[in-house]
Amino acid sequence: MADFSNFLPDTAFALDVAAQDWREAITLAGNELVDAGFTTDEYTTQMIETVEKLGPYMVITPGLALAHARPSDAVLHTGLSWVRLSTPVEFGSKANDPVSLVIGLAGRDENEHLEIMSAIAKALMDPAKTARLAAAQTPAEIRSILES
Amino acid sequence: MDILCVCGMGIGTSVLLKMNVEQAAADLGMDVNVTTSDAGSAKGQANMNDLVLTSEELVSELEGTSTPIVPITNFMDIDEIKDALEDYA
């Protein structure tokens, strides 16, 4: 079972915060990655550039953006951030807007984060877990749902 | 069946999609080999696969490949992925 304590620490959460638009939402996710010691500010810029270049493909399921960029020197450690927005914002995704949860993903290489991604995939495919994640009040509660 | 999952960077959304494609194939009793790629190098790899799955926004990046490309709207919807697999099985 995936252990989220190192990959998604308390410092990587921002719960029920406001963002004006998708850029600000990704910036919040990037700032949490920086606060947790996973990335430098450069990675935040790279995540925004990725959306500018390739479109809002990171909005992979209704309400969720998986913000990320390529593994690079801007990634110090593999980890995630979790930003739950108080008011959903538009990313420009035809099918999956508006976004209320931004998960920031920083990977040192292409394999290190697979176990974590697998646990997240399992949680997001389960409507009951998704509902519990949306209602959870603390980082510890969210981690325990992901680990369950 | 060889399936290529494509996302912008080849490390995030395509990895999630791969996991769900493997789950969908297992549910259907299909034998699949799933790999991932970033949009930039996907074109070259697409021709070695039977099916390419990606998001709507990236379909245009893959123009010119002869392998069928199916956009997936909701990467977490196993039923949508199953429909795509069944159409090309």
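The following dialogue considers how to read selected features of a predicted model.

Q: How many residues does the largest nonpolar core have, and which of them have the most contacts inside it?

A: In soluble globular proteins, nonpolar side chains tend to be buried together. In this model the largest nonpolar core has 77 residues. Those with the most contacts inside it are A25(A), A67(A) and V102(A).

Q: Which residues does A25(A) touch, not counting residues up to four places away in sequence?

A: With that exclusion, A25(A) touches A19(A), V83(A), L85(A), V89(A), V99(A) and V102(A).

Q: At what angle do the axes of helix α3 and helix α5 of chain A cross?

A: The axes of α3 (residues 114–124) and α5 (residues 139–147) of chain A come within 8 Å and cross at roughly 90°. Because angles of 65 to 115 degrees count as roughly perpendicular, α3(A) is described as roughly perpendicular to α5(A).

Q: Which residues make the contact of α3(A) with α5(A), and how do they divide by class?

A: On the α3(A) side the contact is made by A119(A), I120(A) and A123(A). On the α5(A) side it is made by I145(A), L146(A) and E147(A). By class, the contact has five nonpolar residues, no polar residues and one charged residue.

Q: Where is A121(A), and which residues does A121(A) touch?

A: A121(A) is placed in helix α3 of chain A. Beyond its neighbours up to four places away in sequence, A121(A) touches L16(B), M19(B) and N20(B). A121(A) counts as partly exposed because 19 other C-beta atoms lie within 10 Å, whereas a buried residue requires 20 or more. The C-alpha atoms of A121(A) and E147(A) are separated by 12 Å, the two residues being 26 residues apart along the chain.

Q: How many residues does the contact take from chain B and from chain A?

A: The size of an interface is often given as the accessible area lost when the parts come together. Here the description is by residue count: the contact takes 20 residues from chain B and 26 residues from chain A. On the side of chain B that touches chain A, the largest share, five residues, comes from helix α1 (residues 13–28) of chain B. The residues of that side of chain B divide into 11 nonpolar, seven polar and two charged.

Q: What feature does UniProt place at residues 1–89 of chain B?

A: The unreviewed UniProt entry places the feature "domain: PTS EIIB type-2" at residues 1–89 of chain B. In the model, the end C-alpha atoms of this span lie 7 Å apart, and the span is 39% helix and 21% strand.

Q: Is L51(B) buried or exposed?

A: L51(B) is buried, because 22 other C-beta atoms lie within 10 Å. L51(B) is found in strand β3 (residues 51–54) of chain B. Apart from neighbours within four places in sequence, L51(B) is in contact with M1(B), I3(B), T67(B), P68(B), V70(B) and Y88(B). L51(B) and I69(B) are 18 residues apart along the chain, and their C-alpha atoms are separated by 6.2 Å.

Q: Why does Q45(B) count as partly exposed?

A: Q45(B) counts as partly exposed because it has 18 C-beta neighbours inside 10 Å. Q45(B) is found in helix α2 (residues 39–46) of chain B. Not counting residues up to four places away in sequence, Q45(B) touches L4(B) and S37(B). The C-alpha atoms of Q45(B) and T67(B), 22 residues apart along the chain, are separated by 9.9 Å.

Q: Which peptide bond is cis, and what phi does D16(A) have?

A: Most residues other than glycine have a negative phi, and most peptide bonds are trans. The bond from D97(A) to P98(A) is cis, with omega near -10°. P98(A) is placed in the loop between β4 (79–89) and β5 (99–106) of chain A. D16(A) has a positive phi of about 60° although it is not a glycine. D16(A) lies in strand β1 (residues 13–17) of chain A and is exposed, with 11 other C-beta atoms within 10 Å.

Q: Where is K94(A) found, and is K94(A) buried or exposed?

A: K94(A) is found in the loop between β4 and β5 of chain A. K94(A) is exposed, because 10 other C-beta atoms lie within 10 Å. The C-alpha atoms of K94(A) and Y57(A), 37 residues apart along the chain, are separated by 10.0 Å.

Note on methods
Residues numbered from 1 in each chain as written. Chains lettered and ligands numbered in written order. Predicted model: local features only at pLDDT ≥ 70, side-chain atom pairs only at ≥ 80, totals over all residues. Axes fitted to C-alpha atoms, helices over the stretch in contact; angles between N-to-C directions. Helix = DSSP H or I, 4+ residues; strand = E, 2+ residues; numbered from the N terminus. Parallel < 35°, antiparallel > 145°, perpendicular 65-115°, else oblique. Contact = placed C-beta atoms within 7 Å. Nonpolar A, V, L, I, M, F, W, Y, C, P; charged D, E, K, R; others polar. Core = buried A, V, L, I, M, F, W, Y, C linked by C-beta atoms within 7 Å. Buried ≥ 20, exposed ≤ 12 C-beta atoms within 10 Å, placed from the backbone. UniProt positions renumbered as here; feature names shortened; annotations may be inferred.
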